[in-house]
Amino acid sequence: MPVRYKTMIDPYGQLAAQLAVSLFLVNLSLAFLFFVIKRSAWKAVKIAFVKLARKLMKSHIPVGIAGTALIVIHAGVMLAQLGRYVGYVHPKMVSGYAAILLLGVTVAAGYLRSRRASGFRRKFHLAAALVFAAFALVHLLTR
């Protein structure tokens with residue numbers, strides 16, 4: 001069944017969301033990479049993954065900023081264009097509100113971590129990112 005858009009700008013909002021999801025998956029993959037580094041028993045695997053992680057960490061902040069900007073574009077387009085058709089309290093919209101609120105917490109935690117690194121701030125940024133990813137998945141799966 002073909003997708004029918006309510007306005008001409010809706011496909012651009014969805015494109016922004018798809019690009020943002022791909023960027024956030026790149027950043028989220030770092031958490032799993034660090035998990036493998038920590039748990040691996042093979043020294044060669046650890047060395048290879050540490051080298052990869054160092055390269056990826058250089059792009060972590062720019063990728064996160066680009067993803068956040070795309071999410072803000074997506075939220076603005078969908079709120080302005082789609083909200084009036086489906087309602088502002090539709091489950092898809094409410095899950096989006098929660099996800100963008102958690103994205104703000106994640107970005108704030110990342111900013112604090114970049115200002116002064118500590119174990120608590122690192123763990124809080126990671127936990128916030130994982131909770132955001134869970135809420136973003138709920139938003140994606142909500143009809």
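**Helix packing and core**

Tutor: In this predicted model, H1 and helix H2 (residues 43-57) pack at an angle of about 155°, and their axes lie 9 Å apart.

Student: Are H1 and H2 roughly parallel or roughly antiparallel?

Tutor: Angles over 145 degrees count as roughly antiparallel, and H1 and H2 are therefore roughly antiparallel to each other. Their crossing is left-handed.

Student: Which residues make that contact?

Tutor: H1 contributes Leu-30, Leu-33, Phe-34, Val-36, Ile-37 and Lys-38, while H2 contributes Lys-46, Phe-49, Val-50, Leu-52, Ala-53, Leu-56 and Met-57. By class, the residues of the contact of H1 with H2 are 11 nonpolar, no polar and two charged.

Student: Turning to H3, at what angle do the axes of H1 and H3 cross?

Tutor: The axes of helix H1 (residues 10-39) and helix H3 (residues 60-86) cross at roughly 150° and come within 8 Å. H1 and H3 are therefore roughly antiparallel to each other, and H1 passes H3 in a left-handed crossing. The contact of H1 with H3 has 15 nonpolar, nine polar and one charged residues.

Student: Now the core: which residues form the largest nonpolar core?

Tutor: That core has nine residues, namely Ala-16, Ala-20, Phe-24, Leu-70, Ile-71, Ala-99, Leu-102, Leu-103 and Phe-132. H1, H3 and helix H4 (91-115) are the elements that give two or more residues to this core.

Student: And what does Phe-132 touch?

Tutor: Leaving aside residues up to four places away in sequence, Phe-132 touches Phe-24, Ala-99, Leu-102, Leu-103 and Thr-106.

Technical notes
Residues are numbered from 1 along each chain as its sequence is written. This is a predicted model: local features need pLDDT of at least 70, side-chain atom pairs count only at pLDDT 80 or more; totals for chains, interfaces and linings use all residues. Side-chain values use heavy atoms; hydrogens and water are left out. Axes are lines fitted to C-alpha atoms, for helices over the stretch in contact, and angles run from 0 to 180 degrees between N-to-C directions. Helices (H or I, at least four residues) and strands (E, at least two) are DSSP runs, numbered from the N terminus. Angles under 35 degrees count as roughly parallel, over 145 as roughly antiparallel, 65 to 115 as roughly perpendicular and the rest as oblique. A crossing is left-handed if the near helix is turned anticlockwise from the far one by less than a right angle, and right-handed if clockwise. Ala, Val, Leu, Ile, Met, Phe, Trp, Tyr, Cys and Pro count as nonpolar, Asp, Glu, Lys and Arg as charged, and the others, Gly among them, as polar. Contact means heavy atoms within 4.5 Å. A nonpolar core is a set of buried Ala, Val, Leu, Ile, Met, Phe, Trp, Tyr and Cys residues joined through side-chain atoms within 4.5 Å. Buried means under 20% relative accessible area, exposed over 50%, partly exposed in between (1.4 Å probe, protein chains only).
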